[in-house]
Amino acid sequence: PPPAAAAAAPAAATAAPAAAPAAPAAEPVQLSLPAMLANATAEQQKQILGERLFPQVQGLQPELAGKITGMLLEMDNSEVLLLLDNQEALVAKVDEAIEVLKQHNAIPEDGAAE
């Protein structure tokens, strides 16, 4: 029995250190949003912005978050960046998007806006 236990210990010892460096290594790679966007293609930029924007829109309009996020991503990237930094501006744009959806009968008049 002792040799088996000894064999298991080195395996566990090598497994733990191998997993440990992954977490600290991820932090220095964390670029600022503008830096990430500067190094990305146009398609990747929209993806990155959408991933940041969706949770914020979802907090305001859970039912329509996907549709509204898509609408907001039609704007210029610099405008989307402003929305990510300014909750008031985001709320105003989300409300504006809801009005557009209502005008085009994409959602009921008494829908998720209130």
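This is a predicted model: local features need pLDDT of at least 70, side-chain atom pairs count only at pLDDT 80 or more; totals for chains, interfaces and linings use all residues.
Local features are reported only where pLDDT is at least 70, and side-chain atom pairs only at pLDDT 80 or more, while totals for chains, interfaces and linings use all residues. Residues are numbered from 1 along each chain as its sequence is written, and side-chain values use heavy atoms, with hydrogens and water left out.

The protein has seven helices and zero strands, where helices (H or I, at least four residues) and strands (E, at least two) are DSSP runs numbered from the N terminus. Along the sequence the pattern reads α-α-α-α-α-α-α. Of its 114 residues, 25% count as buried; buried means under 20% relative accessible area, exposed over 50%, and partly exposed in between, with a 1.4 Å probe and protein chains only. Among contacts (heavy atoms within 4.5 Å) with a separation of 6 or more, residues 24 or more positions apart account for 49%.

Nonpolar side chains in soluble globular proteins tend to be buried together. A nonpolar core is here a set of buried Ala, Val, Leu, Ile, Met, Phe, Trp, Tyr and Cys residues joined through side-chain atoms within 4.5 Å. The largest one holds 22 residues, of which Leu49, Leu53, Val57, Ile68, Leu72, Leu90 and Val94 touch the most other members. Two or more residues come from each of α3 (33–38), α4, α5, α6 and α7. The most come from α7, which gives five.

Helix α7 covers residues 87–103, and its 17 residues should span 24 Å at 1.5 Å a residue, which agrees with the 24 Å between its end C-alpha atoms; the expected span is 1.5 Å times one less than the number of residues. Leu90, Val94, Ala97, Ile98, Leu101 and Lys102 are the buried residues of α7. Down the helix axis they fall within an arc of 140°, so they line one face of α7; the arc is that of the directions from the axis to the C-beta atoms. An α-helix has 3.6 residues a turn, so residues three or four places apart point the same way. Glu88 and Gln103, on the other side of α7, are exposed. The cover over the buried residues of α7 includes α4 (42–60), α5 (65–72) and α6 (77–85). At the start of α7, a side-chain oxygen of Asn86 comes to within 3.0 Å of the backbone nitrogen of Glu88. Just after the helix, Asn105 has a positive phi of about 55°.

Val57 sits in helix α4 and is buried, with a relative accessible area of 0%. Setting aside residues up to four places away in sequence, Val57 touches Pro62, Ala65, Ile68, Thr69, Leu72, Leu90 and Val94. Val57 and Thr69 are twelve residues apart in sequence, and their C-alpha atoms are 6.7 Å apart.

A polar residue is the last stop. Asn77 lies in helix α6 and is buried, with a relative accessible area of 17%. Its side chain makes a polar contact of 2.9 Å with that of Gln45; such a contact is a pair of N or O atoms within 3.5 Å, and within protein one must be able to donate a hydrogen and the other to accept it, while residues adjacent in sequence count only if both atoms are side-chain atoms. Beyond four places in sequence, Asn77 touches Gln45, Lys46 and Leu49.
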